[in-house]
Amino acid sequence: MALTADQAIFAIKLYLAGMIAFSIAAWIGLPQPYWALVTCGACMNPTSGAIRSKAAYRFFGTFSAGVATLLLASVFGNVSGLFILSLGIAICTAMGLSFIDRTPRSYAFWLFGLTLALIAVPAFDHPERLFDTMVARVSEIGLGVIVVTMVDSVIAPRSSEHMLRASLARWLPSMKKWAMDVVEGHPDDAQAAHDRLKSLADIITLSQTTAQLRYDPAVNKGVLNGGLAIQQRLIRMIPLLSAIGDRIAALDAQEREAIAPPLALATECLEVGRSAPPRLIEALHDLPKPDGPRAAWLKLVHGALADMMADMLMIWSEIHAIDRSLNGSGDLSPALARDVAKARNFPLKPDIGLAVQVSLGLFAGYLLLCGFWYATGWRQGANTFTLAVALVGFFGMMDQPGRIMAVTGRLLMLALVLSIALNYGLLPLATDYPTFLAVMAIFILPLAAWIAVNPMVLLIFLFSLSGINLQASYTPAAFDTFLEANLALIPGFMVATLCMNLSRTLGVDYQVHRVLRMEIAEISRLSRTATSRERNGYVERALNRIAALSTRLAANGQIERSATLLVRMRAGLNIGDLRMAADRLGAAAREKVEQVLESAPRQIDADDPSPQFLTVIDTAMDTVRASDGTSNDDRHATLHSLAGLRLALFHRAPAWEPAP
């Protein structure tokens, strides 16, 4: 594969930053100046925002670990067993926080735990040395952070703004096509439904990169806020589109023919980004209804369709206006401009249960390595902790970490070979500073060009350079000592693999089943108690779960299950609305709605909800409709929620016919 200009620029920037940082560190007499070089490699990234965010989080994580180490040493330093136990608790807590935080900020927690394993654990029996060691390490990391940021600022800085605009260019046509298909009544096949959920996952990923965008000085704040405002609105459209599609699908051929003119007007509004005109909403409310019991059902369907269509078109018109503003072809209204200025990224909900499992598994592995070190008295035993902590921190939350661990094992073997070549082949050839620069160029530049297209190769860079005895002058370590230090990585690798296999059940199938269980458990909680805040929180968590499941289903060849994910969410929304409305109903109506709420979670979880539950819903609708102790607004809201639940679970069932 030919070397691209982007690869060449990345490699040159990494090389220059590394050499400048190392040279300054050696010149001022830092004890391990190669850590400044390693920091440059760890922080270098193709985009300026990613470099600055990673640099800030790396320094913060290292500095915080230094402070924590000194605090723990001051309390437990005289009792070695308690000191090393407290370090293990701190490491595993930090890693757990890195699992919970799904933004780039998690890197700070990961570095915190790794620094404790790398610096504090090996020196647990000599706490008096920790202050000097931590000051030196923070200085080396801080120097690397400053240099890599300055080099990026001077040499071809690359803004992340183009990535944001490229994302918008993907999302808006995709969402517009989805809306058009829904309004025009096109049925979804499994692949189309799955592709749309993949778009949702893509939209949500903006929340993971927001921190990097905020650190990028070239990203205009207005552009970032506009992108976040569009993200919020696109995500709000998804439940609406799913529900609108349900209502349209509930109509028969004659009713679809009657609704065609209003839907054609809605299509025109989507095309030009205009909110729904009053005549569209009136036309939907005034659609002809046949005489007989079906009229009540159609009134519910038409009324809900009109309200949802108005909301959806209003959101789309705001998206269209914000996009035109970002492209410089229009201005925002004062109210919308204020709303955009306050835009925040869509919240990423953590998987706390899994994070706790993996953290406890890491702690068990930590204790196992402590026992191994104590039993053998191996002088390189401390090195086993670093790799185990790093690998679990990187891969512990993955569904199938075994595959990536196999790749990592091969990369570590290659790193060992390259480290031997550097330590005992290339560096001894460096007799002065110019030849040292040439030797390091031979080693770093090809690796850096490879890192630019395959970030996993960074492991080779980090492991091959973090184990060299590179000071102001170079004296290679004895080969047997070097080999022994690297062999210590093997127990760490094995324990990391053991931790991930024993602390959780692996595999995509299990994770899909587990996430669906979480969904039903939350719907069950909503059926018992719900507030507006809890309902909105459920929507956010449900959309996060749908985004996570869409990629897992594709990996497992089960894309036909994608359509059911939105069905569950719609049903959960209606359950939340019913729970909030139930306490405001008359006694008879409340009793029937409670029966629906009691049975709903089991029925939503079933592959085929039972016909008896359909009868329970219809009976509740009859009772609510005839209830004398209920206000018109509460009756209207409850009937709409029951109708929504009915459509979500029984979309092929005959229309509800009110009891005479």
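Visitor: How many residues of domain 2 are in contact with residues of domain 3?

Guide: In this predicted model, 23 residues of domain 2 touch 24 residues of domain 3, where contact means heavy atoms within 4.5 Å. The domain assignment gives domain 1 (5-158 + 351-504), domain 2 (161-342) and domain 3 (508-650); such bounds come from an automatic or database assignment. Between domain 2 and domain 3, the centres taken over C-alpha atoms are 23 Å apart.

Visitor: On what basis are such values computed?

Guide: Because the model is predicted, local features need pLDDT of at least 70 and side-chain atom pairs count only at pLDDT 80 or more, while totals for chains, interfaces and linings use all residues. Residues are numbered from 1 along each chain as its sequence is written, and side-chain values use heavy atoms, with hydrogens and water left out.

Visitor: Why is D246 called buried?

Guide: Its relative accessible area is 12%, and buried means under 20%, exposed over 50% and partly exposed in between, with a 1.4 Å probe and protein chains only; D246 is therefore buried. D246 is found in helix α10 (residues 221-249), helices being DSSP runs of H or I with at least four residues, numbered from the N terminus. Not counting residues up to four places away in sequence, D246 touches R570, L647 and A648.

Visitor: What makes the pair of F372 and W378 edge-to-face?

Guide: Rings of Phe, Tyr and Trp (its six-membered ring) pair if their centres lie within 6.5 Å; planes under 30 degrees apart count as stacked, over 60 as edge-to-face and the rest as tilted. For F372 and W378 the centres are 6.2 Å apart and the planes stand at 85°, so the pair is edge-to-face. F372, at 31% relative accessible area, is partly exposed, and W378, at 21%, is partly exposed.

Visitor: Why is the pair of F613 and F650 said to tie together parts of the chain?

Guide: This aromatic pair is tilted, with 6.4 Å centre to centre and 40° between the planes. F613 lies in helix α26 (residues 611-626) and F650 in the segment after α27 (632-649), so the pair ties together parts that are 37 residues apart in sequence. F613 counts as buried at 2% relative accessibility, and F650 is buried at 10%.

Visitor: How do you know that R646 sits over the ring of W297?

Guide: A charge sits over a ring if NZ of Lys or CZ of Arg is within 6 Å of the ring centre and within 35 degrees of the ring normal. The charged end of R646 is 5.2 Å from the centre of the W297 ring and sits over it. K54 likewise lies over the face of Y107, at 5.2 Å from the ring centre.

Technical notes: Helices (H or I, at least four residues) and strands (E, at least two) are DSSP runs, numbered from the N terminus.
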